[in-house]
Amino acid sequence: MANEQVIARIREMLEALLADKPEYFIVEIRIKPTNNVKVFVDADNGASIDKLVSLNRQLYPQLEASGLFPDNDFSLEVSSPGLDEPLKTPRQFVKNTGRKVEVTLLDGTVKEGKLLGASDTELTLEETIGKKKEIIVTNINLSEIKHTKVCIVF
């Protein structure tokens, strides 16, 4: 079975486990060649460690029973995406509204500014440009974005 099909099956299992937790959402599922399954889950108000541990404990036996991995040769990690992980879903953009972000566009252009908001198709960025500190508000289609990272500000 192709990796995409395995990921789709794991996504279905996760969606069922999260059905009664609407504040939680799947960010990404990755499978390394060593069958290390990494599941990234987030929540609108932050994912609690207890919920992530609970998800891991519920998902693991389902993966064992599924037969997706011959001889149950797999490992499972369920976590929230770290600060070094790029934002991937519109819900993550909404969750990070008000924070400083760095947006790299498909053409290589890098924009940095305050994330003012997001929809399913675009984000709104407030950039401060030049020595005069001119403020420009830009709407960027999500389809034009290579990746977006939250800037850590101290």
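The side chains of glutamate 77 and lysine 38 meet in a salt bridge with an N to O distance of 3.4 Å, where a salt bridge is a side-chain nitrogen of Lys or Arg within 4 Å of a carboxyl oxygen of Asp or Glu. This pair links distant parts of the chain, since glutamate 77 belongs to strand β3 and lysine 38 to strand β2 (residues 36-43), 39 residues apart. Helices (H or I, at least four residues) and strands (E, at least two) are DSSP runs, numbered from the N terminus.

The model is predicted, and for that reason local features need pLDDT of at least 70 and side-chain atom pairs count only at pLDDT 80 or more, while totals for chains, interfaces and linings use all residues. Residues are numbered from 1 along each chain as its sequence is written, and side-chain values use heavy atoms, with hydrogens and water left out.

Glutamate 77 counts as partly exposed at 37% relative accessibility, whereas lysine 38 counts as buried at 19%; buried means under 20% relative accessible area, exposed over 50%, and partly exposed in between (1.4 Å probe, protein chains only).

By the salt-bridge rule the count comes to nine, and the table lists three of these pairs.

| Glutamate 77 | Lysine 38 | 3.4 Å |

Aspartate 42 lies in strand β2 and lysine 95 in helix α3 (residues 90-95), so their pair ties together parts that are 53 residues apart in sequence. Aspartate 42 is buried, at 7% relative accessibility, while lysine 95 is partly exposed, with a relative accessible area of 30%. Glu28, Arg30, Glu85 and Lys88 are linked in a network of salt bridges.

Strand β3 (residues 75-79) also holds serine 79, which is partly exposed with a relative accessible area of 27%. Leaving aside neighbours within four places in sequence, serine 79 is in contact (heavy atoms within 4.5 Å) with Val39, Phe40, Val41 and Leu52.

For the chain as a whole, there are three helices and eight strands, which follow the pattern α-β-β-α-β-α-β-β-β-β-β along the sequence. Buried residues make up 37% of the 154 residues.
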